[in-house]
Amino acid sequence: MHRILLRHGLNRPARLDRPTGLPIRRYERDRPGELVHLDIKKLGNIPDGGGWRVLDHASGDRNRQTTTDQRKSSKPVIGYSYIHPAVDDHSRLAYSEALPDERRHTAIAFWQRVHAFFTAHDITVERVLTDNGSCCKSKLFTQTLAGTGIAHKRIRPYRPQTNGKVERFHRTCSMSGPTCAPTPATTSAPQRWQTSCTPTTTTAATLHSQASHPSAACTTLRVNTTRSFLTALAGRGGSGFGPGRRRAWCGVMN
């Protein structure tokens, strides 16, 4: 039985698609910009000084009370931030921002900054793949892409594996920061960002990206700086995401 499973590549469950039990079909586009993955990740804001995951519940609750004056049913309302990432399918060059909502106008403005970012790295975007969120299904979003000659494709409903590269980007970020101890508070969020995650010229990016398209390996952040990115992005020990704040991150995924 083991030899039969091995012959058909079914001997390791980790290599199979969990919903269907079939081998995972992996793909990669031939050139940078041929396909860019977009997605949105909703995350709860972290109160000033840190939340209960890095502190005890009593300290976390006190921080929530002092962070905001907004109340709902006598409980503090910290709110949410929305991580908007974009990942190039071939080079794994990634760009991400924390924005206050996931509405269509916010998504369109984010895409315009993403497009400018990829253009600055000599990457011509040809196709964009998104899920079926309300902002991505809006006609205005599709028309914005079509206006620059970019095709808009959406994944099959309830099939996030199709957009798996950007989903893995979410997981990479989530695995790094939340378990760290809180960092000392600084005077302002931009200073914390500059201190924790200063962009550097990457000359030792992944061999694949470096060999195929050197432009994706220049003046970017390595994905192994995700811990610093989450520290700055989540604002542990500081002011959290906060409404109206935007922080950008770019890097080459390994």
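Author: Happy to. Let's start with Arg31 and Glu126, which form a salt bridge whose closest N and O atoms are 2.9 Å apart. This pair ties together distant parts of the chain, 95 residues apart: Arg31 sits in the loop between helix H1 (2–7) and S1, and Glu126 in the loop between H3 and strand S7 (127–130). A salt bridge here is a side-chain nitrogen of Lys or Arg within 4 Å of a carboxyl oxygen of Asp or Glu. Helices (H or I, at least four residues) and strands (E, at least two) are DSSP runs, numbered from the N terminus.

Before going further, please note that this is a predicted model: local features need pLDDT of at least 70 and side-chain atom pairs count only at pLDDT 80 or more, while totals for chains, interfaces and linings use all residues. Residues are numbered from 1 along each chain as its sequence is written, and side-chain values use heavy atoms, with hydrogens and water left out.

Back to the pair. Arg31 is partly exposed, at 39% relative accessible area, and Glu126 is partly exposed too, at 28%. For these labels, buried means under 20% relative accessible area, exposed over 50%, and partly exposed in between (1.4 Å probe, protein chains only). The two belong to a salt-bridge network that links Arg29, Arg31, Glu34 and Glu126.

The structure holds seven salt bridges. Another one joins the side chains of Arg113 and Glu97, with N to O at 2.8 Å. This pair also links distant parts of the chain, from Arg113 in helix H3 to Glu97 in strand S6, 16 residues apart. Arg113 counts as partly exposed, at 24% relative accessibility, whereas Glu97, at 1%, counts as buried. A local case is Arg64 with Asp61, at 3.9 Å from N to O. Both are in helix H2 (residues 57–67), and being three residues apart they are separated by about one helical turn. Arg64 is partly exposed, at 29%, and so is Asp61, at 36%.

One more charge deserves a mention: Lys42 lies over the face of Tyr80, 4.2 Å from the ring centre. The rule asks for NZ of Lys or CZ of Arg within 6 Å of the ring centre and within 35 degrees of the ring normal.

The largest nonpolar core has 21 residues, of which Leu38, Trp111 and Phe118 touch the most other members. Two or more residues come from each of strand S1 (36–38), strand S6 (93–99), helix H3 (104–120), helix H4 (134–137) and helix H5 (139–146). H3 gives the most, with seven residues. Apart from this core lies another, of five residues, including Ala94, Val166, Phe169 and Cys173. A nonpolar core means a set of buried Ala, Val, Leu, Ile, Met, Phe, Trp, Tyr and Cys residues joined through side-chain atoms within 4.5 Å. In soluble globular proteins, nonpolar side chains tend to be buried together.

Next, the rings. Rings of Phe, Tyr and Trp (its six-membered ring) pair if their centres lie within 6.5 Å; planes under 30 degrees apart count as stacked, over 60 as edge-to-face and the rest as tilted. This rule gives three aromatic pairs. In one of them, the ring centres of Phe117 and Phe118 are 5.5 Å apart and the planes stand at 65°, so the pair is edge-to-face. Phe117 and Phe118 are both buried, and together with Tyr95 and Phe110 they form one aromatic cluster.

Last, helix H6 (residues 164–174). Its buried residues are Lys165, Val166, Phe169, His170, Thr172 and Cys173. They span an arc of only 160° around the axis, which puts them on the same side of H6; the arc is that of the directions from the helix axis to the C-beta atoms. His170 is buried at 7% relative accessibility. Leaving aside neighbours within four places in sequence, His170 is in contact (heavy atoms within 4.5 Å) with Asp39, Ile40, Lys41, Ile83 and Pro85.
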